[in-house]
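Please work through the following exercises with the sequence and the model at hand, trying each task before reading its solution.

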Amino acid sequence: MRILIRGARRLDPAAGLDDVVDLLIDEGVVAACAPCGSLGRESADRTVVGQGLWVTPGLLDMHVHLREPGDEEAENIESGCRAAVAGGFATVVAMANTDPVNDTPQMTTWIRARAEEVGLARVLPIAAVTEGMRGERLAPLASLKDAGACAFSDDGRPIERAELMREALCATKTLGVPIVSHAEDVRLAPNGVMNAGRVARRLGVSGIPAEAEVAMVARDIELAAASGGHLHIAHVSTGGAMELIRQAKRSGIDVTAEVTPHHFTLTEEAVAEYGAMAKMRPPLREEEDVEVLRQALADGTVDAIASDHAPHTAQAKGRGLTDAPFGVIGLETTVPLTLALVRAGSISPLRAVELLTTGPARALRRPPPTLAPGAEATLTIIDPERRWRFLAREAASRSQNSPFDGWEMVGRAVAVILSGRPLMLPLGEETS
Ligand code: DOR
Ligand code: ZN
């Protein structure tokens, strides 16, 4: 099928392009990109009215928990991929903390096959760094990579033993994929449920101090520097850790970093308001931290915005702030919350798209997605002005654990086209 998108704003960070064009998709590739008004309707089987819309390379979320196998009540590969597409993501990176853990080539292969079968968003599995994520022995990294693991992570917990982390980082040099660190010194926060600070004291719950993250990021950066390996820091939440990452990048250490929408949108005050729905690891921090994260998103220190989509059942989240599991869903709210940064003047539209496409691709050492003619036609269409209300109960995810439930949003992904195949196109279509 030939699809013509007429008069949309092309945001292609790989090429540095931000302009209004007609874009023709044919045989699964971008066949032409021409000045607005130059491609006629006769060139396509289907013509989409692009006025006011953004067309971007397919968005990539590098931090998602799909929960299959093991907790299919909360999410499975199919519902997670549905949520991904509904949120505008063509590709998601699936974390290894399933049950059983993804620490075998068989499991990595199975996840890829299952995702293929579902046929929605593409799924790139991350495999565990250590066997069973127990932090004792390295998993078979080389064969996991051969089976299709795009990175390694024990996300959900830190790798406590420094010598194992160093060994893993050494391996990244030959394998060419990063170690994704959930950087948290858990001994500094044994029973913490939220940020250690004013709100935790008010609520009478124990806290997770900033230094739990800062200390581990400092250790990991030292190990990356010493080993020459590639370190990616997941979900940075503190200004202190971000400062360390900024300095490390300046001194040429191979470190990349991601930030989640909840960490750049909310502060610890949200826990007082939303309770367990605002409970995640690392926790929401303070106003000054949010400021540093936003600055780092703007100045290039941060490579990617990632959702850390972490579904949990209503029953599990219903156990109250102290006993509920950590995590919030995020696939369907990442685009509007990122666009809120654009409206606030913190980042440009092109930078927003970079943080959701070429940025995470670079952090994963993958080729940058682009809309250049000849490129695979995997793209996202966004209506940046669409006003809507996020209702968790209507979301595509199986779980509803979001602090943003009921929020008025501006901006929404309206279509994902995967290799020329439209996955949702409820758009104005031109008829002759
Ligand atoms: O809040 C979190 N939830 N943080 C993590 O690192 C893991 C995740 C989960 O798997 O639920
Ligand atoms: Zn994590």
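**Exercise 1.** Find how the donor residues of the zinc ion (ligand 2) are spaced in sequence, and then describe the geometry of the site.

*Solution.* The spacing of the donor residues along the sequence is D-x26-H-x52-H. These residues are Asp155 (OD), His182 (ND1) and His235 (NE2), which coordinate the zinc ion (ligand 2) at 1.8 to 2.3 Å, where donors are N, O and S atoms within 2.8 Å of the metal (3.2 Å for Na, K and Ca) and water is not among the atoms, so sites may look incomplete. The angles among the 4 donor atoms run from 83 to 128°.

The model is predicted, with local features needing pLDDT of at least 70 and side-chain atom pairs pLDDT 80 or more, while totals for chains, interfaces and linings use all residues. Residues are numbered from 1 along each chain as written, chains are lettered from A and ligands numbered from 1 in written order, and side-chain values use heavy atoms, without hydrogens and water.

**Exercise 2.** Which side chains make polar contacts (pairs of N or O atoms within 3.5 Å) with ligand 1?

*Solution.* Asparagine 97 places a polar side-chain atom 2.9 Å from an oxygen atom of ligand 1. For histidine 65 the corresponding distance is 3.5 Å, and for an N or O atom in the side chain of aspartate 155 it is 3.5 Å.

Terms used: A polar contact is a pair of N or O atoms within 3.5 Å; within protein, one must be able to donate a hydrogen and the other to accept it, and residues adjacent in sequence count only if both atoms are side-chain atoms. Four donors count as tetrahedral if all angles lie between 85 and 135 degrees; four count as square planar and six as octahedral if opposite donors are over 155 degrees apart and all others between 65 and 115; anything else is irregular.
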